2 protein chains.
Amino acid sequence: IERNLQAAVSGAGDGSAVTKEAFRQAVVNTLERRLFYIPSFKIYRGVAGLYDYGPPGCSVKSNVLAFWRQHFVLEENMLEVDCPCVTPEIVLKASGHVDKFTDLMVKDEKTGTCFRADHLLKDFCNDKLQKDLAISAEKAAELRHILATLDDLSSEELGAKIREYGITAPDTKNPLSDPYPFNLMFATSIGPSGLSPGYLRPETAQGIFVNFKDLYYYNGNKLPFAAAQIGQAFRNEISPRQGLLRVREFTLAEIEHFVDPEDKSHPKFSEVANLKFLMFPREEQMSGQSAKIIRLGEAVAQGTVNNETLGYFIGRVYLFLARLGIDEKRLRFRQHLANEMAHYAADCWDAEIESSYGWIECVGIADRSAYDLRAHTDKSGIALVAAEKFSEPREVEKLVITPVKKELGLAFKGSQKNVVEALEAMKEEEAWQMKDNLETKGEVEFYVCTLSKAVTIKKSMVTITKEKKKEHQRVFTPSVIEPSFGIGRIIYCLYEHSYYMRPSKAGDEQLNVFRFPPLVAPIKCTVFPLVQNEQYEKVAKDISKSLTAAGISHKIDITGTSIGKRYARTDELGVPFAITVDSTTSVTIRERDSKDQIRVNVGEAATTVKEVTEGIRTWEDVWSSFPHHSSASADD
Amino acid sequence: IERNLQAAVSGAGDGSAVTKEAFRQAVVNTLERRLFYIPSFKIYRGVAGLYDYGPPGCSVKSNVLAFWRQHFVLEENMLEVDCPCVTPEIVLKASGHVDKFTDLMVKDEKTGTCFRADHLLKDFCNDKLQKDLAISAEKAAELRHILATLDDLSSEELGAKIREYGITAPDTKNPLSDPYPFNLMFATSIGPSGLSPGYLRPETAQGIFVNFKDLYYYNGNKLPFAAAQIGQAFRNEISPRQGLLRVREFTLAEIEHFVDPEDKSHPKFSEVANLKFLMFPREEQMSGQSAKIIRLGEAVAQGTVNNETLGYFIGRVYLFLARLGIDEKRLRFRQHLANEMAHYAADCWDAEIESSYGWIECVGIADRSAYDLRAHTDKSGIALVAAEKFSEPREVEKLVITPVKKELGLAFKGSQKNVVEALEAMKEEEAWQMKDNLETKGEVEFYVCTLSKAVTIKKSMVTITKEKKKEHQRVFTPSVIEPSFGIGRIIYCLYEHSYYMRPSKAGDEQLNVFRFPPLVAPIKCTVFPLVQNEQYEKVAKDISKSLTAAGISHKIDITGTSIGKRYARTDELGVPFAITVDSTTSVTIRERDSKDQIRVNVGEAATTVKEVTEGIRTWEDVWSSFPHHSSASADD
């Protein structure tokens, strides 16, 4: 096992399933033992999909969030808001969550235990492909096809496959029910009457959309601007798996950048245009190629990324993740395939991080067009729109489409409304073409999206004309570009990327280390008196006071444990620096990964640690300006 | 109205109800207009008791929380944790919330609208006392007595009063149902089966208690230590009133300090012992006196405050609130009366802040003894205890109480269990006295708390002996001292205490100002070019960049609005400093409350603002080291 672990740790990227499992187990053991996280309500046997952050985990999380605020909210002057988790039904009805935020579920028909239908089918296919050596080539191809198209299967198709393959409930082997949709929102009731249904929000974004009008006003009625929100979101998963990656309650950090759909350029795009990193465009995925390093400027120029603003955020997300300590070689931006994207989305890229579970979606960056604001405008009757005021009135030729309702009613009866709406929603070009066709042929086939079929429109049913008008402003629904961060997933991947093992000095055991950058490290510094003695303790306590005053989180360890053991303990928490008090005038400062030590006057210790911690100086810089220290007692 | 407002603003303390209302309206108008907060889901007509923090409010909140972390978690080396909001029923059953976290509700018998029974009775009494001039002295006394004892009334007593006074539903005047308890927790269901009931946590504390064992281990199995948590909590209020003070979802910051019940001294108590502030001990309340300024050291020495640790936290809370900008004259620490406290609590003090709604409980500081850990130990079967290891084994005489269950069963039948538990729970002294009495008189009256009556214990029913034992450690359930902060309430009171009005320079209108200290201010600085011109704009943008790099939140305003109007806008957001660019080499920095201005070189502007903002220098210090500036253009 030790060898496997080592292999996994050094080159986890393409390790086998076994070494990946072993690597994950080593990380997770360290995380749990040192209380980075704790299964929630453990003394009551826990609840699947709920985890606590213990002290170091909580600290990592608050460091990540503080950096997020600095990197996005402060740098980009975003409007941060903070909305409740409890959300009335009408809001989530408008957003589509009440009707569509579902997973397909099957039940063990005897015990009532619930499973995700797609998970069972996926497990069956994987299992068969791995273990059934006698499987035919066609069969294998069939199963692989199912795995590739799993997300596209309808309830009926899933049910048919489950029956066809004779899949039964895990453990009990009982028959399974047909798949049916289960809404993933936690339901509750607001107030005592029982008449106001509500849900725990499945995302924080809706809180921003419903406030668009006020936020636009707050921003001086100017576009573009971005609003941001950090908060808890909830998904009542059917049967959570994948540990910290698939949980029922999690922290999201979301940005909604509102922009004129006719101008998605970004004034600061040039600042990120030269960044190069792994991108995985739609085309490469479809043609079976792999992700490749692309210059962001090129991706936007060639239209691979839909627009500059989307590109700008991709660049900023890349910088954010890299600064946190995510390994760039295991970070890629993958474009959604056409079938993955919501129908209204213009383009969508996920920042995926490779972990022992495979490539994990950690940040979604989507151009959601005007969908959300339109949905809330329709449901609430409040126009969530922006206006561009013209410096002088413009004469415009406006397309006027006038459906003749009487004729349409006679022809289409109950479907009249759908046809009218579809006619009114025609784009300029489409309308002129229809006008032409109607004039030449008298009638035309017209596809009505909401009826999923084409109907025949006759000349008498619609008039299409041009009108000249003076306009003082252009009123429009802004597009929204949404970078949405799963904070817990990012942190878990960061744990895996930061973890490594190294032999103890005596070589008799493997020690765990997290190579967190100071920005992320839960504790920035530990202070040890080398031996237990009153003078050293006093020095240690004085340094501790200075560190507190400087706002540097630290730990003082005055136990008599060997210095090597004390270093090992703090390496396991990813503490980047250790101050060892071995005299009353000067101390040593040790850097975690190199184990290099410098000698510094007592009075300078706290400031030096503050400077390297806050990135004012690098360790290299510090290393070259102080005397070096090599001690037999170190790391023994 | 203007005059009333002025009166209210200058001396809000004891203004009449009218001026208090007017003052509150002025504050709330400013807060809502500038998006400090927004009624949640406003475009859907909102939900009572749910509010969003808009950009400046969100920023104030995150400043308050960052300072809380610095002042408590970092300074005291607390173990911060972060637990989910969704909580399984068993945890809240153990804590008592499932059975007891209720308010008494009455229903309009025709419309079904729900009301808090005590609110209706309170409104009735207040109304009668204020408006019924013909009321008799006895009647008035009776109503005042009801108001004073409102919290003690049982469901039956409340119902009887409502019937006696003929109180009907507000608005409809329909008859009301009898009062019945409504549980204030939001209920939900965890997972798809419908078999795992859960609730949204009503406080964050339980997440800490259930983790006691792991946290104690993390702390090296040493007491005392404190754990802390910041997070959302939820109360499904029957009919929320009092705006931002009584809400259905709110942020709590809670500390659970675990301590040996036999030693509640605190090593750092001397650091707060000399603080003096308004305290309102139980005795003063009972005897109709008012709160008085007491030195904290004295309050602890005289036993007014139960112990040093409780006293230490009272002192730290005082410092915290004062640093935020809470007016010390409108802050008091009120001790709970015996009937207010939970039966297990050793002592409890509320930090109350005076607002236009009266004195508001914003922080509760309670010595909850061993109640919570015991409750979870009982329910989970996991011992949440600490141990004091003896350096050498101690010979101890142990009290052994052995109830003779057979005899007790015969005598007390169904109540046997209560009697057995009460006997076993006797303290040393009480037990010896019982032994004496049983030996001399053969029987003794014994009060059983859980039966609310005394029973007769005979000699045959219990044996009480001493046993000598060698013990290596003392195992005990720690006491917990809990400071619990209602962050939203503190922030609202801070708004009221920070708000004032002053005339514009022309004297033609009243301008709103929030005198937030820089620590709290949502934006630390604004940057204005005095006039619209390219050179000035460039300087402004350069300064803005330096401020961003220094992590100082700021706003740049390049609109052509008059400088006076721009100052007024930022005063309304409580921005403490404004940099006005009126040359390309030097700029002015204006302090919000004094309106004093200094002249500073362009290159020094950002650092100077950073220093005064972060408290490295005071404004007085800065004022004395830079040339002063007086300009005709200022504040016009």
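The model is predicted, so local features need pLDDT of at least 70 and side-chain atom pairs count only at pLDDT 80 or more, while totals for chains, interfaces and linings use all residues. Residues are numbered from 1 along each chain as its sequence is written, chains are lettered from A and ligands numbered from 1 in the order in which they are written, and side-chain values use heavy atoms, with hydrogens and water left out.

**The interface**

Display chain A and chain B together. The contact (heavy atoms within 4.5 Å) takes 73 residues from chain A and 73 residues from chain B. Between them the chains bury about 6200 Å², 65% of it on carbon and sulfur atoms; buried area is the accessible area (1.4 Å probe) that two parts lose on being put together, summed over both. Next, select Ile43(A), Tyr44(A) and Tyr218(A), which supply 13% of the area that chain A buries against chain B, more than any other three residues.

Proceed to Asp82(A) and Lys61(B), whose side chains meet in a salt bridge at 2.4 Å, N to O. A salt bridge is a side-chain nitrogen of Lys or Arg within 4 Å of a carboxyl oxygen of Asp or Glu, and four are counted between chain A and chain B. Then select helix α3 (residues 55–74) of chain A, which gives the most to the side of chain A that touches chain B, with eight residues. Helices are DSSP runs (H or I, at least four residues) and strands likewise (E, at least two), numbered from the N terminus.

**A helix pair in chain B**

Select residues 55–74 and 308–324 of chain B: these are helices α3 and α13, packed at an angle of about 145° with their axes 11 Å apart. Axes are lines fitted to C-alpha atoms, for helices over the stretch in contact, and angles run from 0 to 180 degrees between N-to-C directions. Residues making the contact include Phe67(B) and Trp68(B) of α3(B), and Leu319(B) and Phe320(B) of α13(B).

**Backbone features**

Most residues other than glycine have a negative phi, and most peptide bonds are trans.

Select Leu223(A) and Pro224(A): the peptide bond from the former to the latter is cis, with omega near -10°. Pro224(A) is in the loop between α10 (212–218) and β10 (225–234) of chain A. In chain B, the bond from Leu223(B) to Pro224(B) is cis, with omega near -10°.

Finish at Asn77(A), in the loop between α3 and β3 (79–81) of chain A. Asn77(A) is not a glycine, yet has a positive phi of about 50°.
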